[in-house]
Amino acid sequence: MSLLTAEIASAGYGRATVLHDVDLEVPAEGRLAVLGANGAGKTTVLRTLSGLTRVEGSIRLDGRELVGLSPYRIAAAGIAHVPQGRGTFGDLTVRENLLVGGATRPSRAARAEADRWMERFPRLGERAARPASGLSGGEQQLLAIARALMSAPRLLLLDEPSLGLAPKITAELFATLDVLCRETGTAMLLVEQNAQAALGIAEQAVVIESGQITLRGPAAELRDDDEVRRAYLGV
Amino acid sequence: MLLQQLADGIATGAIYSALALAIVLVFRASRTLNFAQGEFALLGAYVSWQLVVWGLPVWAALPVSMALLAVLSAASERALIRPLARRHQALPLIIVTLGLMIAINAVIGWAWTYQTKEVPALFGGGAVDLGGVAVSRQDIGIVLTVLVVAVVLGVLFEFTRWGLRMRAAVSAPESAELSGISTGRTMTMGWAIAGAVGALAGTLIAPELFLHPGMMAPVLIYAFAAATLGGLDSPVGALIGGLAVGVVENLAGSYLPHGSDFKQVVALVIIVVVLLVRPQGILGRREVVRV
């Protein structure tokens, strides 16, 4: 059985419907990339999974229905979401940002886990007591990922982690992500404009256009697909 | 003479600080100004008075009044504010608090009549000589009580998990929610604390002003001036702003011609000048004003 099974009949905001018939599956420890142009509805997919949109359909994590739950309950159920723009708590310190990520865990475990992350990423450790707004873009993205993993989630949702980062930083970030998710056994659902980077890390991928899935398959196959190459890989 | 004025100003200022703190806590929780904050404080003062009349010592009455007002304030957030806040209607929200202000005032008048009542001082009568300045026991008690409450809240916010959740929910509400924090719950908590702090302010100032349904209206104006001066989203700013407004009000009352007749104008002048010169206040965040 898949870790995540989403059958989204429709989803949107207020009266506007953005997604139609979007079905997604992520196996335990699996990795799915969602590709698409600006405004195709990629972000809405993630926001729907986190309970931030009006949705019709069914979203199950380990068999548990999530539709109708508040976002904070979905987070507690095991979905961590790194939103677009990273969602940093700018006026809290780096350490406090990590502790907020561990809000659903017992406080001693959260403190120990925060210390482990700061040891692992010395750039965060050095700035433990400083406001997180002072970090560079790449550091903030790293902090956002560490913050999300603080909750020991089953599934990590990432919304355009490469946005605003230099190519070299993006490559480093994806390498780190790869290692972290493998180590912790966390499944990943990644939304990206940078199809190259996304297909490099994902196992499966879907392409979304105007709120509908137009193509799906193993990441390696999509990388060779002429349509995808032309539209999203720029070759 | 000047030192005496300063001492008096600090004592009334501490009350403004407490009420401004309540206003700031609500603003941080719901991004709205609670015009009913003064009436919540007034209701707290009446509850304290009633309990004293029924035979409770004033020191026992105060915590009961604070607890009751915490519940009432939280309940009004859930029933009146939350349904509108969900739809992002900032202006209707303010109007609802204005309506609530009038409603609470009417209920108070109905329940306790419009006659002035005398409230026993919490800290006994008499004055203490502090280096040539005579300061009443009540004033010293007020300042110390507000200080203790400020320190307790400061420790709660800065050093507890619960405080971190509250600050995270204020800093980036959606991110907090995605981290498993119920922002609805932190919002209600903000209103509850504001209700309790307001009841404290009302009970502390009632012996000075005599208890009647119009008592808190001028105090609320000073508290808004204090919150504006300190920065609407800064609890520390509220405390500093309250003291500053108290001192300025007292000095203006004594040293300006006709100052005591136009004391209230001081609040208006402070609000307008701050909004023109430094809209975010002394310690407020700039974004708040842009929103």
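Tutor: Just after helix 4 of chain B, Thr113(B) takes a positive phi of about 60°; helices (H or I, at least four residues) and strands (E, at least two) are DSSP runs, numbered from the N terminus. This is a predicted model, in which local features need pLDDT of at least 70 and side-chain atom pairs count only at pLDDT 80 or more, while totals for chains, interfaces and linings use all residues. Residues are numbered from 1 along each chain as its sequence is written, chains are lettered from A and ligands numbered from 1 in the order in which they are written, and side-chain values use heavy atoms, with hydrogens and water left out.

The part to look at is helix 4 of chain B, residues 90-112.

Buried means under 20% relative accessible area, exposed over 50% and partly exposed in between, with a 1.4 Å probe and protein chains only. An α-helix has 3.6 residues a turn, so residues three or four places apart point the same way.

Next come the aromatic pairs. Over all chains, a search of the whole structure finds six of them. Trp117(A) and Phe121(A) form a stacked pair, because their ring centres are 5.8 Å apart and their planes are at 10°. Rings of Phe, Tyr and Trp (its six-membered ring) pair if their centres lie within 6.5 Å; planes under 30 degrees apart count as stacked, over 60 as edge-to-face and the rest as tilted. Trp117(A) is buried at 6% relative accessibility, and Phe121(A) is buried at 11%.

Back in chain B, the rings of Trp59(B) and Phe123(B) have centres 5.6 Å apart and planes at 75°, so this pair is edge-to-face. Trp59(B) lies in helix 3 of chain B and Phe123(B) in the loop between helix 4 and strand 1 (127-130), so the pair ties together parts that are 64 residues apart in sequence. With a relative accessible area of 46%, Trp59(B) is partly exposed.

Conventions. Expected span 1.5 Å × (residues − 1).
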